[in-house]
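Work through the exercises below with the sequence and the model open. Each task is followed by its solution in steps.

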Amino acid sequence: MREKVRTRVFFIFGGIFLFFFCYSAIDLPPWGSYRGPYGDVIARVSVYERHATDSVNAINYDYRAFDTLGEEFILFAAVLGVMMLLRRDEDETTRNVGKVEDRHPLSTTVRTTAMPAIALTVVFGFYIGLHGQLTPGGGFQAGVILASVPFLLYVCENTESFRRITSHTTVEAIDALGAGSYALIGLASLVLGMPFLSNFLPLGTTGNVFSSGTIALISACIGFEVTAAFLLVGYAYLEEIITGEIPED
Amino acid sequence: MPNTLHFLPYFVSGWLFFCGLYGLVSSRHLVHSVMCLAVLQSSTYILLLGVGYRVGGAAPIFADIPPGTVTVDPIVQALMLTDVVVEAVVVALLLAMVVKAHEKSGTVSPDELRTLRG
């Protein structure tokens, strides 16, 4: 009964919201006629000012770098939260049900398709990460692609390799280093007497992989952090399978 | 009467927001609530990308087009890019909270969650 009332109240106020939303949207500038000056200005100057042909990443890792630093720490804090919530209590007794044994031989089809796929994914991930300042890509995308590699291994049932790759302390260290070095790059520009997170490295030749100064560097840091973050989250959720211990009731 | 296409993206974004909100209100399972929140949040993607779109504008990547070409707004795209990854991890955080809520109270129904005691 309470649920029915709640839904009815929602539809009344939701309908009012939708009506006023549409009423106000009709008078917005028509779709596809973007006229704000900022996007145009940045698209015009980013190639000359920062030697980065991907102006989206020039914004993310340079013009708006301070904001991205904040977003990166949201990511860091959220992963920390996942790990804290899913951690084992010290006094919690666990029952060993045995590690997942890989059944051999694996399906030949899975092995012959998954192994080349893994190699390709690693290469593609590094390519996307290193060319973020030139073409679409960058640290965030590369991190997600690279983090999918251990899961590919896991899918083709090689649990032992997954266990080894997501070895806890190393991944944790990479996560912290990736997040920390971003902030350190910002502090380095302060030491050099420039505003926080300004682009203090030589800009190089436009179109070269080693161009655009700190944009490429920050992108790499973020790549490491996102990779480690997704691995840590995956590990936290799959811990029972990986360690073979389930909590005693 | 303006062309329907002129405000269709705004309407889709409002509709997604409405659907997500309805899911949250009527949710009987915490995992369902988390997914509804993800739907609700995706409405912001459509709204912002819709605001920054320009008919005939190229992608703001100047690797193969001359600088000065008319492009869509790169700023909203930069906003979305970070948000997609952050959203994925925030959903993971919320799901971890659901796991803990189930462990502590034995239920995943928002209505039956009565673990907050003064």
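**Exercise 1.** Which are the buried residues of H2(B)?

Solution. The model is a predicted one. Begin with the helix itself: H2 of chain B runs over residues 30-52, 23 residues in total. From first C-alpha to last it reaches 34 Å, close to the 33 Å expected at 1.5 Å a residue. Its buried residues are Leu30(B), Ser33(B), Gly50(B) and Gly52(B). Next, look at what covers them: the cover includes H2 of chain A, along with helix H1 (8-26) and H3 of chain B.

**Exercise 2.** Find the largest nonpolar core and state which element gives the most to it.

Solution. This core has 54 residues. Val79(A), Val82(A), Ala229(A), Leu232(A), Val233(A) and Val89(B) have the most contacts inside it. Now list the elements that give two or more residues: from chain A, helices H2 (37-50), H3 (55-63), H4 (65-85), H6 (139-155), H8 (168-191) and H9 (214-243), and from chain B, helix H3 (74-105). H9(A) gives the most, with 16 residues. As a check, take Val233(A): leaving aside neighbours within four places in sequence, it is in contact with Val79(A), Val82(A), Val89(B) and Ala92(B).

**Exercise 3.** How many residues of chain A are in contact with chain B, and how do they divide into nonpolar, polar and charged?

Solution. Count both sides: 47 residues of chain A are in contact with 44 residues of chain B. On the chain A side, helix H1 (2-26), H2, H3, H4, H6 and H9 each supply at least two residues. That side divides into 30 nonpolar, 12 polar and 5 charged residues.

Methods:
Residues numbered from 1 in each chain as written. Chains lettered and ligands numbered in written order. Predicted model: local features only at pLDDT ≥ 70, side-chain atom pairs only at ≥ 80, totals over all residues. Core = buried A, V, L, I, M, F, W, Y, C linked by C-beta atoms within 7 Å. Buried ≥ 20, exposed ≤ 12 C-beta atoms within 10 Å, placed from the backbone. Helix = DSSP H or I, 4+ residues; strand = E, 2+ residues; numbered from the N terminus. Contact = placed C-beta atoms within 7 Å. Nonpolar A, V, L, I, M, F, W, Y, C, P; charged D, E, K, R; others polar. Expected span 1.5 Å × (residues − 1).
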